[in-house]
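Please look over the structure below.

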Amino acid sequence: MKRLIERSRSVGEVLRWVTQNPGKVSASHYPIALHKLGQLLQQQPGPPMGAGDSRGPAGQVLEQPEFHVLCQAIVSGCAKFDNFSIVNCLYAAAALGLPGESPLVRVLEDESRSRLGRFNQKDVSMVFSSEANNKALEAIFSSQLFYENRQERFIRSMAEWLPRKAENLTPYTMALIAKYVARHRLREPRLLDTIANFLLKRGEQLDSKVIQKLVFPFSRMNYRPSNHGELFPKLEAILEQKAGSSPLATVNILMSMFQLSHFPQTVLHQVFSPGFITNVMSSPYALIVRRYLSLLDAAVELEFREYSGPRLDPRYRVLMFEHALTADEANRKYSYKGLVAEALRQLVGEECYRQDEVLPPGYCTDFLLWINRSGTVLPLSRVPAASRAPPATSPITVSLRSSVLALTSDLQDFAPVVLSVNDKWHYCQNSDILVGSRAMRDRHLRLLGYCLVQLPYTELEKVSGIEEA
């Protein structure tokens, strides 16, 4: 039957083989028939196939009784079809141009969604590239099973067809996609640019909470979208209008832009204004906003020296982080940090380094060492107190610029060194590009006067035994 369908030379011939021999037609034959119909229709002259188009050869096929018999057979039997047949029928129906409201497409979509947990990556990719509507994409990206697992092949496939269909998606659906991409650190430029274009076109209609979700993947993946020359000024204008409506979202958007080395001056005037600060301090999320504002204030001092507007009142400055990041704690057993710690202990001794030292404005470092002019690692007892890193416990009274001066005044004799163990989750997936927060941390540590020594996991995973380490 498969050969007979594939060798058919006309639409009528395909329909006759399938409808007049029901006993010889299995589930796997239906997608083959639908695909063949699509191929034959493309070869016929007349208007192209379109959803609900009754003109020309394509529309005439939809109205043929034999085609309705074929569709009814699929609708009646699809619950018993294997996954491969379900997926291929849906993909073929989309290629054929059947309208989304048709009984065949609705039944296939419902059956596909009920089987999501049993589909492999290829099945998932085919299903959702054929549906690609709000209902379908919302279903998959809301699936906890899908959300918790990285589907790189599907994301690459989606990056090809989503730009054509993005304008028909809702902000909620696009935000779900952005959240998934950020969670799994999938630095797919075409997909990120699609989100950026969506944001550029729809930004004025979105509230700040949705905007922060759409912006976050750019900073997370340390990626400036191709339209950033238009997008960033537009975001600034939107934030100027909506800064006070959702302070936490505003600060989150600012943090994303700072991580990408973009500093919107007019918005900074607002978030550091007494009115904004008073509003924030009386809110239930006061502490987290204070942490972000403290880091933003530090970034202004280190990277945006030409800024001359209001700054965060020193009374409100706190450490951004007081200990290792949650991700680092959760992945501790997969980290190379323990290997490096043991190697350091044997190489220079425990008295010559500090582990997990938190430095203002709240960056947790893996290892902190001091080296003299001749390259010798010094015991901490031999490092003059005035030259040591400023205490992280008193960020309120310590000016970052004075910290830089304190650290660099004795560089002729001493140099502080941060040894940074960059594990796999510190990078974008399958990339040597650090995520945005890590990249900004490194910039700031260098500006504070520290020498950074990077130990990427790609090098550490080649190490065999403590001696090599």
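## Helix 2 against helix 3

Helix 2 and helix 3 run roughly antiparallel to each other. The model is a predicted one. The angle between the two helices is about 170 degrees, and their axes lie 9 Å apart. Any angle over 145 degrees counts as roughly antiparallel, so this pair takes that label. The crossing of helix 2 past helix 3 is left-handed.

Helix 2 covers residues 11–19, and helix 3 covers residues 29–43. From helix 2, the contact draws on Val-11, Val-14, Leu-15 and Val-18. From helix 3, it draws on Tyr-30, Ala-33, Lys-36, Leu-37, Leu-40 and Leu-41. By class, the residues of this contact are 9 nonpolar, no polar and 1 charged.

## Helix 11 against helix 13

Helix 11 spans residues 152–165, and helix 13 spans residues 189–202. Their axes come within 8 Å and cross at roughly 40 degrees. Helix 11 is therefore oblique to helix 13. Here too the handedness can be stated: helix 11 passes helix 13 in a left-handed crossing.

Helix 11 brings Ile-155, Arg-156, Met-158, Ala-159, Glu-160, Leu-162 and Pro-163 to the contact. Helix 13 supplies Arg-190, Leu-191 and Thr-194. The residues of this contact divide into 6 nonpolar, 1 polar and 3 charged.

## Cysteines

How many disulfides does the count come to? The count comes to 0 disulfides. Cys-71 is in no disulfide, and the nearest cysteine sulfur, that of Cys-89, is 9.8 Å away. A disulfide would need the two sulfur atoms within 2.5 Å.

Is Cys-71 buried or exposed? Cys-71 counts as buried, because its relative accessibility is 12% and the cut-off for burial is under 20%. Cys-428 has a relative accessibility of 2%, so Cys-428 counts as buried.

## Thr-250 and Val-271

Thr-250 sits in helix 16, which spans residues 247–259. Its relative accessibility is 0%, so Thr-250 counts as buried. What does Thr-250 touch, residues up to four places away in sequence not counted? Its contacts are Leu-239, Lys-242, Ala-243 and Val-271.

Val-271 belongs to helix 17, residues 265–271. Val-271 counts as buried because its relative accessibility is 0%. With neighbours within four places in sequence left aside, Val-271 is in contact with Thr-250, Leu-254, Phe-276, Ile-277 and Leu-293. Leu-293 lies 22 residues from Val-271 along the chain, yet their C-alpha atoms are separated by 8.3 Å.

## The whole protein

The protein has 25 helices and 4 strands. Its 469 residues include 53% that count as buried. Thr-250, Val-271, Cys-71 and Cys-428 are among the buried residues.

Contacts can also be sorted by separation in sequence. Among contacts between residues at least 6 apart in sequence, 72% join residues at least 24 apart.

Key
Residues numbered from 1 in each chain as written. Predicted model: local features only at pLDDT ≥ 70, side-chain atom pairs only at ≥ 80, totals over all residues. Heavy atoms only, no water. Axes fitted to C-alpha atoms, helices over the stretch in contact; angles between N-to-C directions. Parallel < 35°, antiparallel > 145°, perpendicular 65-115°, else oblique. Left-handed = near helix turned anticlockwise from the far one by under 90°. Contact = heavy atoms within 4.5 Å. Nonpolar A, V, L, I, M, F, W, Y, C, P; charged D, E, K, R; others polar. Buried < 20%, exposed > 50% of the residue type's maximum accessible area, 1.4 Å probe, protein only.
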